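The sequence and the structure come first.

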Amino acid sequence: MVNAAIEFKDVRKSFTKKDGSVQHILDGVDFIVPPGKTTVIAGGSGQGKSVTLKLVLRLMDADSGRIFIHGEDVTRVRGKKLETLRTQFGVLFQGSALFDSLTVFENIALPLRERTSKSEEEIFEQVHASLAQFELTGHDAKYPAQLSGGMRKRVGLARAMQLQPSIMLFDEPTTGLDPVMTQEIYHLFASTQAEFGFTSVIVSHDIPKIFNLADQVIILDKGRMDVFESPEEIQWSEKEHIQDFVKTTMGEIYQSQLVEK
Amino acid sequence: MNTNFLARLGNTGMYVLTDLGRMAFFVSKALRGVFRRPFRMGEFLRQIHFIGVGSLTVIFFTALSTGMVLGLQGYYSLNKFGADGMLGSAVSLTLILELGPVLTALMVAGRAGSAMCAELGIMRISEQIDALDCMAIDPFRYFITPKFLATIIAIPLLTSIFDVVGIAGGYIAGVKLMGVSPGSYMQGMTSSVTNHDIMIGAVKSVVFAVLVVWICCGRGYFVQEIRGAGFGAESVSRVTTQAVVLSSISVLVFDYLLTAVLL
């Protein structure tokens, strides 16, 4: 248990629809995210990928089951313990979630100002080092609305990295980006992970490209989870819904790529 | 059919109870944020400026217009009984007890309340509030509590400005235009307005301020939980409209209740 960065044990989550019927998003799922590795969570729309991330972050509560972070049961933690738990995470949101009224510098400095006792000089130095690392030098005084999609992602990533999290969560990190920018963002993930050694959990539709980064793939379908040690393993699964997923989501191109490998 | 009706009724009842619970949770977190450190004085002053200074123009013209209309209509009614000397009393008591607090709260709900609701709604749908939570930064301490405090301070101050400008408007209409004696206007006002009347007006304005900021911020914060609001930008626009309507109705209902209790 201690070896897992994140562990779900028989976690269930359901929502009540407007008509009163109940939709089971996660129906007793179990999985382990190994530390220092990259886990990709894939699946169709509405299958619970983002819900899984929100459960990890405790932005919502599971109906039942237990969630462990670095071996500690966090299923029901509240207050200061929850704040401490969240400082272990860095999150890159789908739309970057930058604060529109703050400049790039202020956005990146926000966690340092609010969660550390660093002086303004130290914050200035750290933020400018991050700006250089994420190729944002010279853009520090701009507002998010003045940035391209790729730059917003880089600012979001820089902000998420400020407190040196042990686990990074990426929610659809390349949505809305062109192929060149997507490739650039993936390189950035790979280089920052190599440098900082954090655990990554990536929720993405960008299949098959995202699988190149994956050490482990989790496929969500109708409340169930299937865990694969490698992207290649998916292709050889005999489960019908996985075969359907391969056909409909990854397409023939990916299948041929896997065959070539 | 009866079963369907009962199911819908139960479903609606559950939703209303859940919504009330959410709003109670919201106000308790917002008020607890006052005691959480560090307090964001800069954000608080920015909100005071936005809600208070920014509303001065609309408050000034609404108060002047209301006071002048009261002056003219009051003169018209009182003159029939030869009691136009009571105009100062009628205008000032009406403004201090009723129209000042009510109209100020309605104006602030329309101008600043809608803006606060839309801002929080957009922050919610663009995951900015989630981002704060994920950085272990309490969104209430960070930007909701400053809005609460600023509104609770700004509305009573705006109400007192409304009262003064309105009484001046009544003076212009009654004394300068209709020829009522300036002495009797001032005398009527000073002799009839008591500290108790001013206290009632002040209590009302504080209660209305809490209602406006609570409903407007709460609706925006929970934009994704509001039934029938839809999704994305549409949900923010619908919930903003709903917040202004709900806060305005609440102000009017509480105006009656407070008048009945305090007068």
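In which sense do strand β3 and strand β8 of chain A pair?

## The sheet of chain A

In this predicted model, strand β3 (residues 38-43) of chain A is paired with strand β8 (residues 199-203) of chain A in the parallel sense, over four bridges. Within β8(A), the residue that A:T39 stands opposite is A:V201.

These two strands belong to an open sheet of six strands in chain A, with mixed pairing and the order β6-β7-β8-β3-β9-β10. At its edges stand β6 and β10 (224-228) of chain A, each of which has a single partner strand, so one side of each is left without a neighbour in the sheet. On average, and with direction ignored, neighbouring strands are turned by 15 degrees against each other.

Helix α1 (residues 49-57) of chain A packs on this sheet, where it touches β3, β6, β7 (167-171), β8 and β9 (216-221) of chain A, and its direction makes about 150 degrees with that of β7(A).

## The nonpolar core

The largest nonpolar core has 129 residues, and those with the most contacts inside it are A:L169 and B:V212. Helix α4 (residues 87-125) of chain B gives the most to this core, with 19 residues.

Leaving aside neighbours within four places in sequence, A:L169 is in contact with A:L53, A:V56, A:L57, A:F89, A:V91 and A:V201.

## Contact between the chains

Between the chains, 16 residues of chain A are in contact with 12 residues of chain B. On the side of chain A that touches chain B, α3(A) gives the most, with four residues, and the residues of that side divide into nine nonpolar, three polar and four charged.

How values were computed: Residues are numbered from 1 along each chain as its sequence is written. Chains are lettered from A and ligands numbered from 1 in the order in which they are written. This is a predicted model: local features need pLDDT of at least 70, side-chain atom pairs count only at pLDDT 80 or more; totals for chains, interfaces and linings use all residues. A nonpolar core is a set of buried Ala, Val, Leu, Ile, Met, Phe, Trp, Tyr and Cys residues joined through C-beta atoms within 7 Å. A residue is buried if 20 or more other C-beta atoms lie within 10 Å of its own, exposed if 12 or fewer, and partly exposed in between; C-beta atoms are placed from the backbone. Two residues are in contact if their C-beta atoms, placed from the backbone, lie within 7 Å. Ala, Val, Leu, Ile, Met, Phe, Trp, Tyr, Cys and Pro count as nonpolar, Asp, Glu, Lys and Arg as charged, and the others, Gly among them, as polar. Two strands pair if DSSP finds at least two bridges between them. Axes are lines fitted to C-alpha atoms, for helices over the stretch in contact, and angles run from 0 to 180 degrees between N-to-C directions.
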